[in-house]
Amino acid sequence: MDKQTLPELPYDFAALEPVISAEIMELHYKKHHQAYVNNLNIALEQLAEAEAKNDVPKMIALQSAIRFNGGGHINHSIFWKNLAPKAKGGGEPPRGALLVELNKKYGSLENFISEMSAKTIAIQGSGWGWLGIHPQKKCIKIVTCNNQDPLVMEGLVPLLGIDVWEHAYYLQYKNVRADYVKAIWGIVNWKDVENRYNKVIGG
Ligand code: MN3
């Protein structure tokens, strides 16, 4: 079985400044994301062993480690691509079919941003705010997930995620999660979000 690996970061650690500091980016990517990858690989190896021995209780016991670390790996892999330096189009509003859909559902892009921000800021403890899409009904939805639960647990395909674990902002924004969430819209890579949306709509 191939090991899971840390995906390449599509920009430098300092590229998202001033919205996200280089120090946060380096720790977040090299320490936090790497730890999810490492621990996922350990859990998957143990799962393969348990499967080889037909040890069902062990397989079940491993599920929470797989969900947490696998979710962490999936979520961060999307998160890095959901962001872009301002010079590379970060924060440039969406166009086309996704914008039409956001306008239809939320009235305007601004309304969508304020609704997703409010729900994301309100998460108790660690988690993620997401814009997702139902793969069959094709409807978009704002959802929040606790810890590292991936959006697939809600039956949705992730389009845009905002990480509100303290490790994502505390070194720069301290306890003021709302300022971080407000600022992050300035570096959202809407092109990436649109590509994800178009893939579901077209498929
Ligand atoms: Mn994180």
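Is Glu-115 buried, partly exposed or exposed? In this predicted model, Glu-115 is partly exposed, with a relative accessible area of 32%. That value falls between the limit of 20%, under which a residue counts as buried, and the limit of 50%, over which a residue counts as exposed.

## Surroundings of Glu-115

Glu-115 belongs to helix α5. Once its neighbours within four places in sequence are set aside, Glu-115 is in contact with Tyr-106 and Ile-142. Glu-115 and Ile-142 are separated by 27 residues in sequence, and their C-alpha atoms lie 8.3 Å apart in space.

Ser-117 is also placed in helix α5. Ser-117 is buried, with a relative accessible area of 10%. Not counting residues up to four places away in sequence, Ser-117 touches Val-181 and Trp-185. With Trp-185 there is a polar contact between side chains, at 2.9 Å.

## The three-stranded sheet

Three strands form an open sheet in the order β2-β1-β3, and their pairing is antiparallel. Strands β2 (140-146) and β3 are the edge strands, each of them pairing on one side only. On average, neighbouring strands of this sheet are turned by 25 degrees against each other, direction ignored.

Strand β1 (residues 127-133) is joined to β3 by six bridges, and β1 is joined to β2 by seven bridges. Both pairings can be followed at Trp-130: its bridge partner in β3 is Gly-161, while in β2 Trp-130 stands opposite Val-143.

Two helices pack on the sheet. Helix α4 (residues 96-106) touches β1 and β2, and its direction makes about 80 degrees with that of β2. Helix α5 (residues 109-121) touches β1, β2 and β3, and its direction makes about 20 degrees with that of β2.

Although β3 is an edge strand, five of the seven residues of β3 (residues 157-163) are buried, so this strand is largely enclosed by the rest of the structure.

## The manganese site

Which protein atoms are donors of the manganese ion? They are NE2 of His-28, NE2 of His-76, OD of Asp-163 and NE2 of His-167, lying 1.9 to 2.2 Å from the ion. The spacing of these donor residues in sequence is H-x47-H-x86-D-x3-H. His-28 is located in helix α1 (residues 22-52) and Asp-163 in strand β3, so this pair ties together parts that are 135 residues apart in sequence. His-28 and Asp-163 are both buried.

Helix α1 also holds Asn-39. At a relative accessibility of 36%, Asn-39 counts as partly exposed. Asn-39 and His-73 are 34 residues apart along the chain, with their C-alpha atoms separated by 9.8 Å.

## Aromatic pairs

How many aromatic pairs does a search of the whole structure find? The search finds 13. Two pairs that involve Phe-79 illustrate how such arrangements are classified. The rings of Phe-79 and Trp-80 have their centres 5.6 Å apart and their planes at 50 degrees, so this pair is tilted. For Phe-79 and Trp-128, the ring centres are 5.4 Å apart and the planes stand at 90 degrees, so this pair is edge-to-face. The assignments rest on the angle of the planes, because an angle over 60 degrees counts as edge-to-face, one under 30 degrees as stacked, and the rest as tilted.

Phe-79 and Trp-80 are both buried. Trp-128 is buried too, with a relative accessible area of 0%. Ring pairs link Phe-79, Trp-80 and Trp-128 with Phe-13, Tyr-29 and Trp-130 into a cluster. Trp-130, a member of this cluster, is the residue of the sheet described above as the partner of Gly-161.

## Accessibility of selected residues

The table collects the relative accessible areas given for individual residues.

| Residue | Relative accessible area | Class |
|---|---|---|
| Trp-128 | 0% | buried |
| Phe-79 | 1% | buried |
| Ser-117 | 10% | buried |
| Glu-115 | 32% | partly exposed |
| Asn-39 | 36% | partly exposed |

Terms used:
Residues are numbered from 1 along each chain as its sequence is written. This is a predicted model: local features need pLDDT of at least 70, side-chain atom pairs count only at pLDDT 80 or more; totals for chains, interfaces and linings use all residues. Side-chain values use heavy atoms; hydrogens and water are left out. Buried means under 20% relative accessible area, exposed over 50%, partly exposed in between (1.4 Å probe, protein chains only). Helices (H or I, at least four residues) and strands (E, at least two) are DSSP runs, numbered from the N terminus. Two strands pair if DSSP finds at least two bridges between them. Donors are N, O and S atoms within 2.8 Å of the metal (3.2 Å for Na, K and Ca); water is not among the atoms, so sites may look incomplete. Axes are lines fitted to C-alpha atoms, for helices over the stretch in contact, and angles run from 0 to 180 degrees between N-to-C directions. Contact means heavy atoms within 4.5 Å. Rings of Phe, Tyr and Trp (its six-membered ring) pair if their centres lie within 6.5 Å; planes under 30 degrees apart count as stacked, over 60 as edge-to-face and the rest as tilted. A polar contact is a pair of N or O atoms within 3.5 Å; within protein, one must be able to donate a hydrogen and the other to accept it, and residues adjacent in sequence count only if both atoms are side-chain atoms.
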